[in-house]
Structures are given as C-alpha cells and as structure tokens.
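User: I have a model open and want to go through some side chains. Can you walk me through it?

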Amino acid sequence: MRERFRTILGGGALAAALLAPSTGFAQFYLGGGGGQSTFDDLGEVRAACATVGATCTLDDTDTGFKLFAGYRFSEYIALEGGYVDLGEAAADTIVPVTATAALSAHGGYVSLLPQIPVGTVGTIFGRIGLSIVEAELTASGGGASFSDNSGAAGVVFGGGGEVHLTEQVSIRGEWERHSFDEALDIAGVEVEAPDIDLLSVSLVLRF
C-alpha cells in the first residue's frame with residue numbers, strides 16, 4: 001500500500017511541475033453534490049448479523065454526497081480535495097430473531113483530475129488519488145449488540161464530464177470508486193474493507 005501511495009504522489013508532483021499555472025487561466029473552484037453509493041464485498045455485514053444469531057438480507061445502496069475544492073493549473077489538469085459521505089450498507093432479518101446491521105463510511109480525499117476540453121461547452125475528466133475513510137459497523141438483535149469503527153486508506157479513481165452553464169457555473173456528472181486494500185479492525189477482528197462506488201451530480205462554481 002505504501003508503494004502504491006508513493007507512486008500516486010510522485011506522479012501528482014510530476015504532473016503539477018510539468019503543467020504549471022498559465023497566467024490568466026488558473027482557476028479556483030468549489031463544488032458539492034450527491035447521488036447513489038454502492039457497497040461491494042459486504043462479508044463483514046453478514047458476519048455482524050451472524051454475531052447476533054441471524055442471517056440478514058442486504059441493502060448495498062444508499063445516498064452519498066460530497067463537498068470539494070480544487071485548483072485548475074491549466075486546461076488539462078486540476079488538483080482537488082474534499083469530504084465525502086458514502087452513506088451506509090444495511091441488513092435486517094426477522095427470522096430467527098429480529099436483527100439489524102449497518103456499515104457506514106465517510107472521510108476525505110485528494111486527487112488529480114486530468115482533463116480534455118470539449119470546445120467551450122465543457123470538459124471530460126478522469127480522477128486518480130488517495131482516499132481515507134472512517135467506517136463504522138453496528139449490529140443488534142437477539143439481546144446482543146455492538147458498535148465499532150476503524151479507519152482505512154486506499155485509492156479513489158473514476159471519471160466524468162462537466163457542462164459549462166456560464167463562465168462561472170458548471171454541472172458535473174461523475175462515477176468514482178473508493179478502493180481499499182487494507183483490512184478494517186472492527187471489534188478486535190480484521191475484516192475486508194469494501195470497495196464503494198459513488199455515482200453523483202454536482203454543482204461547480206469557478207472563481
């Protein structure tokens with residue numbers, strides 16, 4: 001994982017050095033939006049249900065949102081960081097006992113956005129960077145309950161496009177994946193961290 005981070009950070013530093021701001025173009029921007037999050041590989045939620053004596057039905061989608069700020073060095077690259085709430089995956093059952101379990105995740109990210117202008121209409125962009133989230137797992141049922149949390153670091157990647165409504169306002173549509181190699185330490189047990197997708201629409205304000 002450390003080598004993976006060093007490679008990404010090294011590539012980011014090189015890109016920023018090669019594509020330095022050009023006078024009159026560099027732009028600061030703010031944005032925010034939301035959409036649907038999807039959790040993959042939810043073995044830890046099934047395990048949480050089993051801990052309280054139940055086999056649960058999973059709901060792996062929720063609503064997620066994010067707030068971000070960025071700086072465009074040129075027409076072709078930007079650096080962006082922000083806060084993301086990826087919602088939660090939930091599970092429940094009434095047989096043999098009433099039980100519920102949920103895994104939620106939120107945190108921060110920083111990433112490079114290589115971009116290709118599409119005339120004056122908008123841009124197409126990719127995303128690659130680092131993601132650090134705090135995950136919380138809760139479960140209750142059959143007279144038992146527990147709650148615990150753990151941090152995880154990984155990568156975020158994806159892509160999308162922006163349509164410029166005015167010189168200062170754009171609408172962005174994007175798919176991104178927060179992917180984690182390391183395990184979460186939940187209730188003293190290491191469990192595999194899920195990959196989490198976010199399909200979102202955001203409003204971007206440029207200054």
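User: What does Y71 count as, at its relative accessibility?
Analyst: Y71 has 31% relative accessibility, so it counts as partly exposed. The cut-offs: buried is under 20% relative accessible area, exposed is over 50%, and partly exposed is in between (1.4 Å probe, protein chains only). This is a predicted model, where local features need pLDDT of at least 70 and side-chain atom pairs count only at pLDDT 80 or more, while totals for chains, interfaces and linings use all residues. Residues are numbered from 1 along each chain as its sequence is written, and side-chain values use heavy atoms, without hydrogens and water.

User: What are the rules for pairs and strands?
Analyst: Strands (E, at least two residues) and helices (H or I, at least four) are DSSP runs, numbered from the N terminus.

User: Which residues make the nonpolar surface patch?
Analyst: Among them are F28, Y71, L203 and F207, and the patch is about 970 Å². Strand 1 and strand 11 are the elements that give two or more residues. Strand 11 gives the largest share, three residues. Patch residues have over 30% relative accessible area and no salt bridge; nonpolar side chains (Val, Leu, Ile, Met, Phe, Trp, Tyr) are joined within 5 Å, like charges within 9 Å. Areas come from the Shrake-Rupley method with a 1.4 Å probe, and for residues only the protein chains shown count as cover.

User: New topic. How many salt bridges does a search find?
Analyst: Nine, across the whole structure. Each is a side-chain nitrogen of Lys or Arg within 4 Å of a carboxyl oxygen of Asp or Glu. R127 and E80 form one, their closest N and O atoms 2.9 Å apart. This pair links distant parts of the chain: R127 is in strand 6 (residues 122-141) and E80 in strand 4, 47 residues apart.

User: Are R127 and E80 buried or exposed?
Analyst: R127 is buried at 4%, and E80 is buried at 1%.

User: What does R172 do?
Analyst: R172 lies over the face of F125, 5.0 Å from the ring centre. That label needs NZ of Lys or CZ of Arg within 6 Å of the ring centre and within 35 degrees of the ring normal. R172 also meets E174 in a salt bridge (3.9 Å, N to O). Salt bridges with shared partners join K66, E80, R127, E162, R172, E174 and E176 into one network.

User: Where does K66 stand?
Analyst: Opposite V84 in strand 4. Strand 3 (residues 61-72) and strand 4 run antiparallel, joined by eight bridges. Two strands pair if DSSP finds at least two bridges between them. A hairpin of four residues joins strand 3 to strand 4.
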